[in-house]
Number of protein chains: 2
Amino acid sequence: MIQVAVFGYGTVGSGVVQVIDDNNDLIAKRVGERLNVKYILDLRDFPGDKNQEKVVHDVNIILDDPEVEIICETMGGVKPAYQYTKSALEKGKSVCTSNKELVANHGPELIKIAEANKCNYMFEASVGGGIPIIRAMNTSLAAENIVKIIGILNGTTNYMLTKMAGEGTSYDEVLKKAQDLGYAERNPEADVEGYDACRKIAILASLMTGHYVKYEDVYTEGITAITPMDFEYAKKLGKSIKLLAIADDRDGKLTVMVAPFMIGANHQLNGVNDVFNAVYVTGNMLDDAMFYGRGAGKLPTASAVVADVIECARNIGRTLPCLWDEEVVRLADYKEVKRRFFVRVSREQRGAVLNQVGPIKEVAVCDEEFAFITPVMTEKAFDDKIKNLKGVLSVIRVEE
Amino acid sequence: MIQVAVFGYGTVGSGVVQVIDDNNDLIAKRVGERLNVKYILDLRDFPGDKNQEKVVHDVNIILDDPEVEIICETMGGVKPAYQYTKSALEKGKSVCTSNKELVANHGPELIKIAEANKCNYMFEASVGGGIPIIRAMNTSLAAENIVKIIGILNGTTNYMLTKMAGEGTSYDEVLKKAQDLGYAERNPEADVEGYDACRKIAILASLMTGHYVKYEDVYTEGITAITPMDFEYAKKLGKSIKLLAIADDRDGKLTVMVAPFMIGANHQLNGVNDVFNAVYVTGNMLDDAMFYGRGAGKLPTASAVVADVIECARNIGRTLPCLWDEEVVRLADYKEVKRRFFVRVSREQRGAVLNQVGPIKEVAVCDEEFAFITPVMTEKAFDDKIKNLKGVLSVIRVEE
């Protein structure tokens with residue numbers, strides 16, 4: 001019997017307990033031993049909950065119990081999760097987390113502590129919910145030099161953009177709907193401003209390099225400026241608009257960014273809709289691959305946490321390889337990346353556009369304005385070209 | 001330094017040597033030791049090849065060399081690969097293979113031998129080429145009760161069906177084109193009759209159950225009967241036609257089959273085109289996930305073999321869990337599965353159709369015939385309904 005504790009009995013934490021419970025026989029077969037949730041750490045009590053007897057309020061009861069070998073940290077946030085995780089690892093207890101905030105802030109340090117204490121710090125559920133991308137990067141793609149990752153990493157914004165595309169609703173309306181459905185928080189900033197996706201791509205970019213990509217260094221733009229009119233053009237152009245998180249290694253220069261992009265109909269990411277997430281990976285041998293699934297939600301995320309628990313249970317006393325050291329990666333300037341840009345501009349600016357940008361193919365959905373897609377150029381060159389252009393209504397980067 | 005040998009210097013084998021060569025530094029970092037290809041086993045010589053000195057013709061040179069710890073079996077076929085693999089495993093050498101034929105025929109036995117000799121028999125590359133589905137099933141999805149797998153597992157037929165859909169070409173024309181491009185063999189039977197996909201889904205279904213699904217028990221139908229007219233209807237219905245390999249566990253009754261299916265526009269598998277493959281997995285906690293990538297090809301397949309080599313190198317003297325025992329799974333009758341059916345029938349049969357099947361919604365692309373999609377029913381019930389119907393031009397199952 002392997003004793004497990006769960007830190008935080010919220011959505012994901014209660015999901016973890018449910019997965020371990022419902023799939024217990026099957027997990028026992030796969031581990032070779034049965035898993036048992038011995039404690040649940042939470043500030044609250046849960047009278048009437050079938051696990052109420054397992055709830056404790058003092059973390060030290062768990063940290064001091066030598067029977068507990070694996071901890072699921074599903075509290076979220078940096079404090080006090082960081083201190084709890086560190087203490088657990090220092091005592092040789094493996095920690096499996098869904099906490100992207102903590103992983104993005106302290107990942108390499110915690111991995112190092114785990115290694116020093118012959119246990120594991122695992123974080124499959126921190127990126128892409130149920131999508132098994134972290135373990136794939138550590139194992140299945142270990143023979144690859146990964147040159148590019150494009151992710152749709154935030155379910156809330158992907159739901160919102162899908163609705164805006166399908167129903168022509170405004171940003172504000174669709175945000176309200178997402179909040180009513182519980183997909184978006186009352187304070188939706190972390191999702192809609194791209195902060196959530198930013199932390200996730202920083203984690204993936206770190207694993208891609210083996211070093212530390214700090215999320216603070218990642219250029220991040222949200223979806224708040226996208227309008228129904230942008231979607232009308234996108235439809236006309238056979239494209240969709242997605243919030244993409246991109247880590248792109250061009251000749252050893254790594255750029256990492258989060259922003260809305262237009263993406264072509266034939267790209268696999270085009271069809272990733274609603275709350276689904278996907279990670280599109282390009283390796284130097286593998287070429288393109290994609291991992292698709294539920295990027296959030298109680299049970300899919302919990303399933304990823306428990307998959308980590310199973311790995312830890314199969315490897316008691318042994319640290320699994322996870323190459324992510326504390327050396328900070330200096331990111332290249334994303335303005336040096338070459339791409340196309342979608343531009344909407346008021347009709348009066350036609351002459352100025354031809355003058356600044358050169359011959360373009362116009363697309364219009366109404367009389368007052370038109371749009372065009374630029375040739376391939378660096379973002380710096382693009383900025384130079386349009387800086388004197390008045391009446392620019394919208395600019396969206398194009399991913400091909 | 002970890003010494004590796006490659007059995008078979010064909011497409012995948014030479015790819016393996018190239019991946020180990022080109023990504024050697026990166027792999028060394030990930031393994032903790034450098035990999036070196038010490039021998040290449042092949043009947044042929046390769047004068048002028050930069051690895052010609054490594055080529056040997058006698059397998060015993062490799063089997064008797066205690067330095068060799070890992071073997072890449074990229075020969076294909078059951079004989080002599082089976083004997084070579086067995087001998088290698090019995091000497092404690094791990095074997096990583098791309099040989100689906102051998103895995104489908106002798107997987108559980110070879111896994112058992114590996115376990116008894118504290119080494120590994122790994123076969124990521126045997127299903128889905130570069131798509132990391134095998135390791136996902138053994139690790140990332142270990143907390144899941146997988147209830148359904150739908151795969152597009154054969155690149156050749158997927159290329160052919162994509163071309164037929166896009167260009168309206170006939171089966172014979174598109175087969176010729178695929179042969180000219182090297183996507184299809186001169187004798188295309190293994191691909192177009194579904195035998196290749198059958199072996200692959202038997203492997204995935206085995207891992208799904210932990211027991212042995214024999215490929216001989218899998219109902220298999222190829223794509224040879226699909227016509228351009230079927231695609232005209234598919235287009236009109238907003239569907240596509242794909243060769244699907246399905247393992248479906250309904251209330252503990254497992255059915256496994258390979259056949260062409262019509263699939264809706266919103267299904268993720270609908271957009272899997274050309275030589276790409278994908279595996280769509282449904283788990284009881286995870287819900288739906290999809291793994292997409294190049295299902296064949298020299299370097300993607302070789303990358304998967306080398307990912308296995310890396311896992312073996314990280315686990316010398318230790319067998320990684322792979323639950324697949326020799327107990328043969330009794331498959332349920334696929335005729336008991338409920339689904340819809342697409343039926344094309346000559347116009348004169350309208351009265352008989354209404355009589356046999358009941359009210360239907362007709363779709364027509366020409367005057368001589370029409371098509372309809374049945375309500376949901378078992379295949380047995382469907383067979384009963386149409387057995388007396390004359391003038392049936394085509395029947396294709398529908399996956400929703």
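The domain assignment of chain A, whose bounds come from an automatic or database source, gives domain 1 (2–129 + 298–314), domain 2 (136–294) and domain 3 (337–399). This is a predicted model, in which local features need pLDDT of at least 70 and side-chain atom pairs count only at pLDDT 80 or more, while totals for chains, interfaces and linings use all residues. Residues are numbered from 1 along each chain as its sequence is written, and chains are lettered from A in the order in which they are written.

The centres of domain 2 and domain 3 of chain A, taken over C-alpha atoms, are 23 Å apart. Contact here requires C-beta atoms, placed from the backbone, to lie within 7 Å. By this criterion domain 2 of chain A contributes 16 residues and domain 3 of chain A contributes 11 residues.

Helices (H or I, at least four residues) and strands (E, at least two) are DSSP runs, numbered from the N terminus.

By class, the side comprises 10 nonpolar, 2 polar and 4 charged residues; Ala, Val, Leu, Ile, Met, Phe, Trp, Tyr, Cys and Pro count as nonpolar, Asp, Glu, Lys and Arg as charged, and the others, Gly among them, as polar.

In chain B, B:Ile27, B:Arg30 and B:Val31 of H2(B) meet B:Ile310, B:Ala313 and B:Arg314 of H12(B). The residues of this contact divide into 4 nonpolar, no polar and 2 charged.

Note on methods:
Two residues are in contact if their C-beta atoms, placed from the backbone, lie within 7 Å.
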